[in-house]
Amino acid sequence: MTPPRTTAPTQNQNYKRKYLPEDADQAIVQTPYGRGLVVRTRRADNIKEIQLLEWESFAKKVSSPPPEPFMLYTPVEYPSVTPHIGDDVICQYGRGRITAISIVDMSPDKENKDCDKNSNTNTSSNDNGATPTQSPLKLSEPPQKSKPTPNQKPILKYTIALTSWRLSQTRKPIHVHLITPPPRVVRKHTLNEMDAHSRVSFAQHQKSRANAQFSKQKDYALALITYAGAVDAVRNVQHDHSSNNYVRADLVVVMVTCSNNAGMCCVHLKKWEEGRKFAQNALILLDALYQKRGRNIHGILNGEGLIDAKLFGEWRVKSYFIVGRCCLEKGEEDVASGVLKKGLAVGKVYLEEMGTEGCKCKSNLEKASYKSLLGQVKEIRKLMAECVERKKREKKMEKKRAVAMFGKGASKHAEIGSENVAKTVSLSTMKNNTEPTKAEKSTEKQNLPLESAPNTKIDLHSLPKQD
C-alpha cells in the first residue's frame with residue numbers, strides 16, 4: 001500500500017504555486033506508515049502535508065517495498081502519538097510541556113456511612129401530641145465495584161506546565177491537570193524559534209544536566225559541551241514582551257555559573273586558553289552587575305538568596321582563580337600573580353565584612369558564603385606560592401644554562417655585565433642631556449683665547465716679528 005501522491009501542475013492548468021507558511025505548532029501524528037510531522041495545512045482544500053518520519057522502518061517490514069515517499073498528502077485527521085513526559089503538547093489552554101503522567105483511580109468509593117444514626121427511626125410529632133409512625137427510609141445500596149476488564153485502557157491524568165503564557169512579575173510556570181481530551185504532541189521549537197523565556201529555561205535545563213555530568217559522572221568533556229551549549233543558547237538572546245526582570249536575572253545567573261563551570265572543566269582537561277576566555281566572560285558580566293547594584297535585577301537576586309558575598313565574592317574569586325591558573329600553566333607568571341592578587345583582595349573584603357570566624361553573619365547564607373570564601377582564599381594563596389616557586393625555578397634554570405655555555409663565572413659575569421650596561425645607559429642619557437650642541441660648540445671655539453684652546457699647535461716662526 002503506497003501513500004497517495006499529488007500530481008504536479010501542468011502549464012495548461014494556468015496554476016501559480018504560492019508559498020504557504022508552515023504551521024506554527026506542527027503536530028506529530030500516527031499514520032499507517034509510522035509517525036509523521038504535519039508540516040502545513042492548506043486552508044483552501046484542508047489537505048495536510050505530512051512528512052513521514054519512520055518510512056524506512058515501515059518499508060523494511062514489507063516484502064516488496066514501494067519507492068520511499070517522503071511526504072504524505074491527505075485530508076485525513078490522524079490521531080496524535082502517545083504523549084510522554086518531556087514532550088511539547090497543545091491543549092485547550094495553550095502550548096506547554098508534560099511534567100508528570102499519573103493513572104486516575106476511577107473505582108467507586110467505599111460504602112457511605114450513615115450521616116445520622118437515627119435516620120431510619122425518625123418520627124415527627126403533630127400539634128396534638130400524636131406521634132404517627134413513619135416507614136423507615138430505604139437507602140439505596142452502594143454500587144458494587146466494577147472490576148476492570150483486561151482490554152480496558154487506564155485513564156491518565158497529564159500535568160502540563162504552560163509555556164505559551166504566564167503570570168506577570170513571576171517566573172513560576174502555570175500547571176494544568178488534564179484528563180480529557182488528551183493533549184496533542186507537537187514538534188519542539190528550535191533555538192531560533194524560542195523566545196527569551198524559553199531560551200533561559202532551555203539553558204537552565206542544560207545546566208542541570210551538565211552539573212550531573214560534572215559532579216556524578218566525572219565526564220568533564222561532556223560537561224564542557226553541555227555548559228558551552230547552555231551559554232551559546234542565551235548569548236545573543238533578543239528580549240521581547242516575555243522577558244521581564246525575573247527572566248533577565250535568571251539570564252545573568254545562567255551565564256555566570258555556566259561560564260565558570262565550563263572554565264573549571266577546561267582546567268581539568270588542560271585547555272588553558274578556553275578556560276581563560278570562559279572565566280573572563282563571567283568577570284565581565286559580574287562587573288556589569290556590580291556597577292548596577294541596588295537596581296531591580298540586583299534586588300531580585302538578593303531576595304532569592306544570592307547575597308553580595310556570593311555574587312561578587314564567591315563567583316568573582318572563582319573566576320579570578322580560573323584565569324590565574326590558566327595563565328600560570330601557560331607560562332605567564334607575572335600576569336597570573338596580578339590576577340591572583342585581585343582575587344585575594346576581593347575575598348578579603350567580604351571576609352572582613354562578615355567578621356572573624358563569621359561572627360557578623362546574620363543568616364545561614366552568610367555563614368555558607370564565609371566558609372566557601374575561606375576555602376577559595378586558601379586555594380589562591382597556594383597558587384600564588386606555586387607561582388613564586390616557578391619563578392625561582394626559572395631563574396635557576398637560566399643560571400644553569402649560562403654555566404653550561406660559558407663556565408662557572410658566567411652567571412656572575414652576566415649579572416655584573418647587566419648592571420654595567422644599566423649604568424652605562426644611565427650615564428649616556430645624562431651626557432646627552434648635558435652635552436652642548438654643534439652650534440654651541442662652534443660659538444664657544446670662536447670666543448675662546450689661544451691659551452685655552454685645547455690640542456692646538458702654534459708655529460712661532462709663522463708669527464710676524466714685532467718692531
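Tutor: Lys270 sits in the loop between α4 (245-269) and α5. Its phi is near 60°, a positive value in a residue other than glycine. Helices here are DSSP runs of H or I with at least four residues, strands are runs of E with at least two, and both are numbered from the N terminus. The model is predicted, so local features need pLDDT of at least 70, side-chain atom pairs count only at pLDDT 80 or more, and totals for chains, interfaces and linings use all residues. Residues are numbered from 1 along each chain as its sequence is written, and side-chain values use heavy atoms, with hydrogens and water left out.

Now step into α5. Glu273 forms a salt bridge with Lys330, with the closest N and O atoms 2.3 Å apart. Glu273 belongs to α5 (residues 272-291) and Lys330 to the loop between α7 (308-329) and α8, so the pair ties together parts 57 residues apart in sequence. The term means a side-chain nitrogen of Lys or Arg within 4 Å of a carboxyl oxygen of Asp or Glu. A search of the whole structure gives 21 salt bridges.

The axes of α8 (residues 333-353) and α9 (residues 364-406) come within 9 Å and cross at roughly 155°. This makes α8 roughly antiparallel to α9, a label for angles over 145 degrees. Axes are lines fitted to C-alpha atoms over the stretch in contact, and angles run from 0 to 180 degrees between N-to-C directions. The crossing is left-handed: the near helix is turned anticlockwise from the far one by less than a right angle.

Who makes the contact? Leu340, Leu344 and Leu351 are among the α8 residues, and Leu373, Val377 and Ile380 are among those of α9. Contact means heavy atoms within 4.5 Å. The contact residues divide into 12 nonpolar, 3 polar and 8 charged. Ala, Val, Leu, Ile, Met, Phe, Trp, Tyr, Cys and Pro count as nonpolar, Asp, Glu, Lys and Arg as charged, and the others, Gly among them, as polar.

Back to backbone angles. Lys218 is in the loop between α2 (196-215) and α3 (220-233). Phi of Lys218 is near 60°, a positive value in a residue other than glycine. The peptide bond from Thr180 to Pro181 is cis, with omega near -10°. Pro181 lies in the loop between β8 (174-178) and β9 (184-186).

Notes
Angles under 35 degrees count as roughly parallel, over 145 as roughly antiparallel, 65 to 115 as roughly perpendicular and the rest as oblique.
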